[in-house]
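I opened my notebook to look at this model piece by piece. Here is what I looked up, in the order I went through it.

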Amino acid sequence: MKTIKGKLLIIFILIFAVLTANSIIAIINFSTLKNSIDNILKANYESVVYAQNMAIAIERQDSAELAMMFEDSSEDPLKLFKDYEANFGMWLEKATNNITEKGEDLVITNINSLYKEYLDKFNEFETLLKNNKSNEKVSRDYYYNEIFPLFESIKDECRNLLNINQDKMVVLKNESAVIAKRATLINASISILTIAISLIFIIYLLNKIIRSLSNLNSKIKEIAKGDYSQKLIVSGSDEIAALSEEFNIMAAKLQAYDLLNINQLMKEKQKVEAIVESISDGVIVTGAANKVLLINKAAEKFFNISEEEFLKKDLIYAIKNPDLFNLIDSVRKDQAKILTKDYLDLTIKHKNNVNYYRVIAKPITNISGESIGVVTLFQDITKFKEVDDLKSEFVASVSHELRTPIASVLMAAELLNKEIPGKTNIKQKEIISIIMEDGNRLKNLINDILDLSKLESGKIALNFKNYSPKEIIDYVLKILEIRIREENVKIKLEIDKNILGVKVDLSKITQVFTNLIENAINYRALNKAIIIELRAKLLDDKVLFYIKDNGRGIPEEDQKKIFDKFIRVEEGENLKNKGSGLGLAISKSIIKSHGGDLWVESLKEKGSTFYFTLDVAQDSTLMT
Amino acid sequence: MKKILIIEDEKNIVTSLKMFLEYSGFEVFTSNNGSDGLYLAKHKYPDLILLDLVLPKIDGFNVCNLLNNNEKTKNIPIIIISARTSKEDIDKVISLGAKNYIIKPFSMDQIKKIIKEYLREP
């Protein structure tokens, strides 16, 4: 049988057959035993009983005869004798019908003839007794000489019968014992043999199966580890063999698939490498512990290094710039949130020129989100910087150029206003005031444009110090003291007690406050007294400032636009300082360079609230 | 009467400034370039010099430096009047000896105030 199933089937059939045979033999043995017992009972035990009864009967007869002889008149001896004769006859007949043993028939025959003789002799005895009533000796002698020996013989023969049967019984009993013993032995042997053989077979088969399976198991483990070259040896053609073959087919397929994947991955890798190498921005990839993993051509050129030289080495050997190193290191450690900017501007001086790069570092994370490296991009912004520099230079020179004539105009107008060249009439005064007003407007515009340009290009070096909100606001209110008094402005202050300080450039932040408060005054509600609320609230690591007024509010469509350049909503009330439209743009720029944001919420007719955020002072030392 | 020297090349500004300062009671000398200005400083003994930075021939920085290094002129307080606004310029010129700096355009009152503050006492 080829298959395991077949083998198992055969084994089970065999076992079953053997067990069945075993059972049949057992049953046969039981039958035999039963027969033996039956036999014993039937053949021999009954004969024993007959023989015993015959003995008893003949003894009673003998007693009867003796009674007749000695005239014992308690019972009727003759009747007794006759009764027991019948009795004896009955048992004898039964015994005759139950002749089963060798010699039994001879004994029975003897008993028959002896009994016949006995009966005959009894008749004679009876006659003798009748005839010799006076002479008892005659009958007595007759009895002792003729009848008694016969009686004894019969009894002996009965005993023989008994013994024959009893002996047979013993023999049969022994035979039964032997049979039983033999049967037990055979049964036990067969059972043990069957169990042993089947155990051996089963163990053999199981071993074979388990070995195959564990072999399969270990090969599968190897495949799981990635070694697809595993092959199972196929022996035989049973189920295990079939499984092994299928396994081999699967392993081959996996190997082929793996190769295909590897090829694809190789292609992808080459493609990516080609792309990275061709990028005109510098790309540097670092891994754990800031070891260099990749430096593309552009980066090699920028820093005058070669990838080969620094591969797998610490980045600091390749680029000896501590700021850069700190940037990459903190991005790798996922501390990038601490940085205020997500980029760094790097200046590299080459032999003949200076190049500027914007450096952006981003972490590379694996599937579980852990940082496994950093990719750093170096954007050559030299051109942009040059353009920016040109623009700044242009703005600076333009504003400078514009200042001089404006200064002249204003000075001239002021002279006229002060009537230094001579007295002026009312109409002249009016015209002079026009010249001064617009001259001042121009002056403010020029100043604002310059400020904004400086702020936007980040050229302004801000002087950050820690001040408490109260200090700042007090300073601002002092500057605006006159205006506030003139316009009858009510100021409400609400400053969070637990704000120790904020990090600001005082003059710039004052500019913001002044701008916002002046706006609030200029855009007042015409029929209400001006109320301005100044609030400072602590939020984690930032302080939120509110400047809330009860003025005329800002229409919704303008709320975004007001932070744009040269936008003014309607007409401000105050004619003294017509704004340039740049105030909020400048304020927003200032706040942005403090790392915060400026925005507004407003309802027409109700008022506006300007919000901005500033960083909390990092240490508790305050500088006044 | 106190003397003020204005070294400035913008004619119109000079005119207005001169008119104002004379009206305010000062004696005013002017020059429109650095070397004339130096000469005037040495010979007219002004009590204060108003100096522009952008000048033909020698620029204001140099003039300032020269004035400061000259025995005759180093005690004269120099106030820079300029349209230039960068902090670098301001710092530089202060380090070269200027006492203060006022950015054009300025009001007459402003200039008067600053002159009063720095005017050399006899």
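Axes here are lines fitted to C-alpha atoms, for helices over the stretch in contact, and angles run from 0 to 180 degrees between N-to-C directions.

I noted that this is a predicted model, where local features need pLDDT of at least 70, side-chain atom pairs count only at pLDDT 80 or more, and totals for chains, interfaces and linings use all residues. Residues are numbered from 1 along each chain as its sequence is written, and chains are lettered from A and ligands numbered from 1 in the order in which they are written.

Next I looked at the overall make-up of chain A. I counted 15 helices and twelve strands in chain A (DSSP runs numbered from the N terminus: helices are H or I with at least four residues, strands are E with at least two). Of its 624 residues, 24% count as buried (20 or more other C-beta atoms, placed from the backbone, within 10 Å of a residue's own).

Then I turned to a sheet. I saw an open sheet of five strands in chain A, in the order 7-9-10-12-11 and with mixed pairing (two strands pair if DSSP finds at least two bridges between them). Strand 7 (490-495) and strand 11 (598-603) of chain A are at the edges with a single partner strand each, so one side of each has no neighbour in the sheet. Strand 11 and strand 12 (residues 607-615) of chain A run antiparallel and are joined by six bridges. I also looked up Trp599(A), and its bridge partner in strand 12 of chain A is Tyr611(A).

Helix 14 (residues 506-522) of chain A lies across strand 9, strand 10 and strand 12 of chain A, at about 20° to strand 10 of chain A.

Last, I checked where the chains meet. I found 15 residues of chain B in contact with 15 residues of chain A (C-beta atoms, placed from the backbone, within 7 Å). Helix 1 (residues 11-23) of chain B gives the most to chain B's side, with seven residues.

Note on methods: Two residues are in contact if their C-beta atoms, placed from the backbone, lie within 7 Å. A residue is buried if 20 or more other C-beta atoms lie within 10 Å of its own, exposed if 12 or fewer, and partly exposed in between; C-beta atoms are placed from the backbone.
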